[in-house]
Amino acid sequence: SWGTVCGIGFNKVAARVVCKQLGFPDAKSIQLSSSYYGSGSGTVFLGNVQCTGNETSIAACRHSSWGGSGCSHSNDVGVVCISNNITNVPIRLVSGNGYSSGRVEINLFGTWGTVCENNFNIVAANVACKQLGFPGAVSFRGGLYGSGRGKILLEGVNCKGKENSLASCDHLPWGKHNCEHRQDVGINCETYRR
């Protein structure tokens, strides 16, 4: 049967676990009052939820006994997740030999991260260079401009060539990857038309 989760003690870390469990990259906000989405029905299954952030399911987080939360539906929690359909995010080139070359980094909600070379090709490099205002790409390669830091935000980038931004291309869900930073893609952009 379906039930709800109590908002008392629920925090952003728990919201992230919920969103990732549902296939979203992250949580945007938490609604700690049932007045936002309305009260649920049935049992309040989980209360006092405490997650570390490494869990793959909200049920794996520490919590009070199932159905023993002591909460009423007026404390039902709601979560707003970040959509995977984000298409307009800034990119930059870092650690290159000039303004037209470097490791590709992408900014998702104020956090800079890198792009994995897996499936990345010259079409994707062209889209990235055009997003930065260059006519196109000369070359690309994983590890070309060293390893980045922080999150690897994109993998499996598959561009058709008509996209206005790298984030508009098909790709795995934000933050989902099977890469290491040594695979961070670097590009060299054209600075003029031949």
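**Disulfides, a buried aspartate and a loop glycine**

Hi everyone, let's start with a bond: cysteine 51 and cysteine 61 are joined by a disulfide, S to S 2.0 Å. A disulfide here is a pair of cysteine sulfur atoms within 2.5 Å. The torsion about that S-S bond is about 105 degrees, so the disulfide is right-handed. Cysteine 51 and cysteine 61 each lie in the loop between β3 and β4, so the pair ties together parts that are 10 residues apart in sequence. Strands are DSSP runs of E, at least two residues, and helices are runs of H or I, at least four, numbered from the N terminus.

A word on the source: this is a predicted model, where local features need pLDDT of at least 70, side-chain atom pairs count only at pLDDT 80 or more, and totals for chains, interfaces and linings use all residues. Residues are numbered from 1 along each chain as its sequence is written, and side-chain values use heavy atoms, leaving out hydrogens and water.

Back to our cysteines. Cysteine 51 is buried at a relative accessible area of 13%, and cysteine 61 is buried at 3%. Buried means under 20% relative accessible area, exposed over 50%, and partly exposed in between, with a 1.4 Å probe and protein chains only.

How many disulfides are there by this rule? The count comes to six. Another one joins cysteine 129 to cysteine 189, and with -85 degrees about the S-S bond this link is left-handed. It connects distant parts of the chain, from helix α3 (residues 122-131) to strand β10 (residues 185-189), 60 residues apart.

Now to aspartate 76, in the loop between β3 (43-46) and β4 (78-81). Aspartate 76 is buried yet has no salt bridge, and the nearest side chain of opposite charge, arginine 62, is 20 Å away. A salt bridge would need a side-chain nitrogen of Lys or Arg within 4 Å of a carboxyl oxygen of Asp or Glu; Lys and Arg count as positive, Asp and Glu as negative, while His and the chain ends are not counted.

What does the side chain of aspartate 76 reach at 2.7 Å? That is the backbone nitrogen of glycine 40.

Last stop, glycine 146, in the loop between β8 (137-142) and β9 (152-154). Glycine 146 is partly exposed, with a relative accessible area of 31%. Its C-alpha atom is 7.6 Å from that of serine 95, 51 residues apart along the chain.

Conventions:
Polar contact = N/O pair within 3.5 Å; in protein donor to acceptor, adjacent residues only side chain to side chain.
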